[in-house]
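Biologist: Shall we go through this one together? Ask away and I'll do likewise, cut-offs included.

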Amino acid sequence: QVQLVESGGGLVQAGGSLRLSCAASGTIYAISVMAWYRQAPGKQRDLVAIAASGGSTNYADSVKGRFTISRDNAKNTVYLQMDSLKPEDTAVYYCKMVVHPTTYRSLELWGQGTLVTVSS
């Protein structure tokens, strides 16, 4: 069984920084995709950033230049460094991974979510 555990959310003033972490544990052969999503109250869950196993990354336009996604494959962990935070970044942030417990299986897993609140 594989599970994801997130940490790092909290309350920060506008212009501040936070770093989110999401670690996968269990039987893992490889992780092909690591990503962060967010969901603001009353809104749909949107992609924030994605990091593929080959090293490529992509970001939502709203966070480009402010957020950085990185992955530590040895630790099965993905990070989201969030700088220059704005009140509109307030949301519950979820990590998502495509985990391969074996060479022929894949699982799409979500973290439990962590609340980020940016005050003005």
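Biologist: How many bridges join β5 to strand β6?

Modeller: A strand here is a DSSP run of E with at least two residues, a helix one of H or I with at least four, and both are numbered from the N terminus. Two strands pair if DSSP finds at least two bridges between them. β6 covers residues 57-59 and runs antiparallel to β5, with Ala49 and Tyr59 as bridge partners. The bridges joining β5 to β6 number three.

Biologist: Ground rules, then: this is a predicted model, where local features need pLDDT of at least 70 and side-chain atom pairs count only at pLDDT 80 or more, while totals for chains, interfaces and linings use all residues. Residues are numbered from 1 along each chain as its sequence is written, and side-chain values use heavy atoms, with hydrogens and water left out. Which residue takes a positive phi in the hairpin of β5 and β6?

Modeller: That hairpin has four residues between the strands. One of them has a phi near 110 degrees, and that's Gly55.

Biologist: And over how many bridges do β4 and β5 pair?

Modeller: These two also form a hairpin, with five residues between them and Gly42 in the turn at a positive phi of about 75 degrees. Val33 has Ala52 in β5 as its bridge partner. The pairing is antiparallel, and the bridge count is seven.

Biologist: Is Val48 buried or exposed?

Modeller: Val48 belongs to strand β5. Buried means under 20% relative accessible area, exposed over 50%, and partly exposed in between, using a 1.4 Å probe and protein chains only. Since the relative accessible area of Val48 is 1%, the residue is buried.

Biologist: Which element gives the largest share of the lining of the largest pocket?

Modeller: On a 1 Å grid over the protein atoms alone, a pocket is an open set of points with protein on both sides within 12 Å along at least five of seven lines (a cavity is a set where a 1.4 Å probe fits but cannot get out), and lining residues have an atom within 4 Å of a point. The largest pocket has 17 of them, with Arg38, Ala40, Lys43, Asp46 and Glu88 nearest its centre. The elements giving two or more residues are β4 (30-39) and β5 (45-52). The largest share, three residues, is from β5.

Biologist: What volume does the largest pocket have?

Modeller: Grid points are joined across faces, edges and corners, and the volume is the space filled by probe spheres set on the points. For the largest pocket, that gives about 250 Å³.

Biologist: How many charged residues are in the lining of the largest pocket?

Modeller: Asp, Glu, Lys and Arg count as charged; Ala, Val, Leu, Ile, Met, Phe, Trp, Tyr, Cys and Pro as nonpolar; and the others, Gly among them, as polar. The lining has six nonpolar and four polar residues, and the charged ones number seven.

Biologist: Over to rings. Why is the pair of Tyr94 and Trp110 edge-to-face?

Modeller: Rings of Phe, Tyr and Trp (its six-membered ring) pair if their centres lie within 6.5 Å, and planes under 30 degrees apart count as stacked, over 60 as edge-to-face and the rest as tilted. By this rule there are two aromatic pairs. Tyr94 and Trp110 have ring centres 6.5 Å apart, and the pair is edge-to-face because the planes are at 85 degrees.

Biologist: How far from the centre of the Tyr94 ring is the charged end of Arg45?

Modeller: A charge sits over a ring if NZ of Lys or CZ of Arg is within 6 Å of the ring centre and within 35 degrees of the ring normal. The charged end of Arg45 sits over the Trp110 ring, 4.7 Å from its centre. Arg45's charged end also sits over the Tyr94 ring, and there the distance to the centre is 3.6 Å.

Biologist: Last one: which residue in the turn of β7 and β8 has a positive phi?

Modeller: β7 (67-72) and β8 (77-82) pair antiparallel over six bridges, with Ser70 and Tyr79 as partners. Most residues other than glycine have a negative phi. The hairpin has four residues between its strands, and the one with a positive phi of about 50 degrees is Asn76.
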